[in-house]
Amino acid sequence: MDVELAKALLYAGSCQGVDFAFSDEFLVDHAFTVPLGFVRPEMDLPIVPIWTNVMAPPVPTASRFYAVGQALRRAIQALPTDRLIGVLASGHLSIEIGGPRPYTAATDADFDRRMMDLIAAGSANTVVEEASWERMSRAGNLTSGFLNYVLLMGLAGGRPPDLAGVHFPLATAAVPFMAWGKGEA
Amino acid sequence: MTRYALDKLLRQVILDDQACRAFLDERPGVLHTYDLSDAECEALEALDYPRLYVLGAHPFLLNGFLMRTQTGDRASALAASHASRCDARSRQCGGDGAVPARTAERFFGSLSRGRTLRLN
C-alpha cells in the first residue's frame, strides 16, 4: 500500500471535484486480489485501492462514474511524480447474485454485447446514456458492477481501448476484458 | 430501519463463525437481539430465502448467507421465476424492499419448493 500516493490522490481528488472518503482500515477482497493476481502475481508493487460503490443503493449514476474517471486521470496527471502509474479496475457485465436467476450463463447477453461493442468503439456518451440503473437491473440484479468500466472509460478520456473482448462461458456470467496502453488520450 | 438490521444479521452470519453457529443452533434467541420485523423473523426462522429477497435483503449478502446456512444441494428458492424480481426503482431508492402484492403473489405462486438445484 502506497500511503503517500493515496494521500496525494485524496487531496488531488478534492481539487478535481471528487471528495474521496478514506479509511485507515480496509480489507481488500476478491475485487482487488483477483485482478492483481492475474496482472502481477508477485504482488510486489505498491498499490492504492480505490473502492467505488456499485452495489449498495443509492448507486451513483453512470455519468458520475465517468466524471470520477476523468477526475482521477487529472488527479494522477497532477501528481508531482515521474513514476509510471497503472490503473486496474474490476467489474463485470450482466450478473445475478442472490436473486431468482443465480449461477446461470450471461443473464442478458444482449446487454453484454451491446456494451462491449460501445466500449470497443469508444462510444462513452452512449454507454453513459444506456447504462441506467433500470437497464442494468433488468440485465441482472447486481449488474451495476459494470459501472467500474464506465469509470475506466472516463479515465481513458473517451479513447477506445487498444484491446477489448468478451468470452461467454456456458455456465457463468460473461468474462470481459479491455485495456488501454500507455499514452495520452 | 429493520432492513438495516436484517442485512447486518446476514453479514454477521457470513463473516463470524461464532455468530453463524449461534444462528443455526439457537435461532429464536439470536433473532431476538436484532431489531427485526415479524416478517423478517419468520423468514429467517424458516430460512425462506426468496421471502428475505422480497423483504429487501441485499442480494449479495443473501447469497453469502445462503452458502453459510445451506449444505448439500441448495434450495430451489433463489431459482424462482423472473417475475419475482423486486421493482428496480424501489430498491435503488433504498425503500423497504416492498413489492406490489401481485408481483409477490407471482413470486410465491411460481416457486417450486420441492425442486432443488445444484448451484455450484
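Residues are numbered from 1 along each chain as its sequence is written, and chains are lettered from A, and ligands numbered from 1, in the order in which they are written.

The model scores ipTM 0.78 and pTM 0.80. Within chain A, confidence is lowest in helix α2 (residues 30–39), with a mean of 89, and highest in helix α5 (residues 124–130), with 98; helices here are DSSP runs of H or I with at least four residues, strands are runs of E with at least two, and both are numbered from the N terminus. For chain B the mean pLDDT is 70, with 57% of the residues at 70 or more. Confidence in chain B is highest in helix α4 (residues 38–45), at a mean of 95, and lowest in strand β2 (residues 116–117), at 31. Over residues 80–120 of chain B, pLDDT stays under 50, although the model has 68 contacts beyond four places in sequence for this stretch, a contact being a pair of residues whose C-beta atoms, placed from the backbone, lie within 7 Å. Where pLDDT is low, the predicted coordinates should not be read in detail.

Chain B contains eight helices and two strands, which follow one another along the sequence as α-α-α-α-α-α-β-α-α-β. Of the 120 residues in chain B, 32% are buried, where buried denotes 20 or more other C-beta atoms within 10 Å of the residue's own, exposed denotes 12 or fewer, and partly exposed lies in between, with C-beta atoms placed from the backbone. Among the contacts in chain B with a separation of 6 or more, 67% are between residues 24 or more positions apart.

In chain A, helix α3 (residues 62–77) packs against helix α7 (residues 147–155) at an angle of about 40 degrees, and their axes are 6 Å apart; axes are lines fitted to C-alpha atoms, for helices over the stretch in contact, and angles run from 0 to 180 degrees between N-to-C directions. The helices α3(A) and α7(A) are therefore oblique to each other, on a scale that takes angles under 35 degrees as roughly parallel, over 145 as roughly antiparallel, 65 to 115 as roughly perpendicular and the rest as oblique. Residues of α3(A) including Phe65(A), Tyr66(A), Val68(A) and Leu72(A) meet residues of α7(A) including Leu147(A), Val150(A), Leu151(A) and Met153(A). The residues of this contact comprise twelve nonpolar, three polar and one charged, with Ala, Val, Leu, Ile, Met, Phe, Trp, Tyr, Cys and Pro counted as nonpolar, Asp, Glu, Lys and Arg as charged, and the others, Gly among them, as polar.

In chain B, the axes of helix α1 (residues 2–15) and helix α6 (residues 59–69) come within 9 Å and cross at roughly 45 degrees, which makes α1(B) oblique to α6(B). The crossing of α1(B) and α6(B) is left-handed. On the α1(B) side the contact is formed by Asp7(B), Leu10(B), Arg11(B), Val13(B) and Ile14(B), which meet Leu61(B), Leu62(B), Gly64(B), Phe65(B), Arg68(B) and Thr69(B) of α6(B). By class, this contact has six nonpolar, two polar and three charged residues. Arg68(B) also has its C-alpha atom 9.4 Å from that of Asp17(B), 51 residues away along the chain; Asp17(B) belongs to helix α2 (residues 17–25) of chain B and is exposed, with 9 C-beta neighbours inside 10 Å.

Several loop residues were also examined for backbone geometry. Most residues other than glycine have a negative phi, and most peptide bonds are trans. The peptide bond from Pro57(A) to Pro58(A) is cis, with omega near 0 degrees, and Pro58(A) lies in the loop between α2 and α3 of chain A. Met43(A), found in the loop between α2 and α3 of chain A, has a positive phi of about 50 degrees although it is not a glycine, and Met43(A) is exposed, with 10 C-beta neighbours inside 10 Å. In chain B, Leu47(B) has a positive phi near 50 degrees; Leu47(B) is located in the loop between α4 and α5 (49–54) and counts as partly exposed, with 17 C-beta neighbours inside 10 Å.

Notes:
Predicted model: local features only at pLDDT ≥ 70, side-chain atom pairs only at ≥ 80, totals over all residues. Contact = placed C-beta atoms within 7 Å. pLDDT = per-residue confidence, 0-100. Left-handed = near helix turned anticlockwise from the far one by under 90°.
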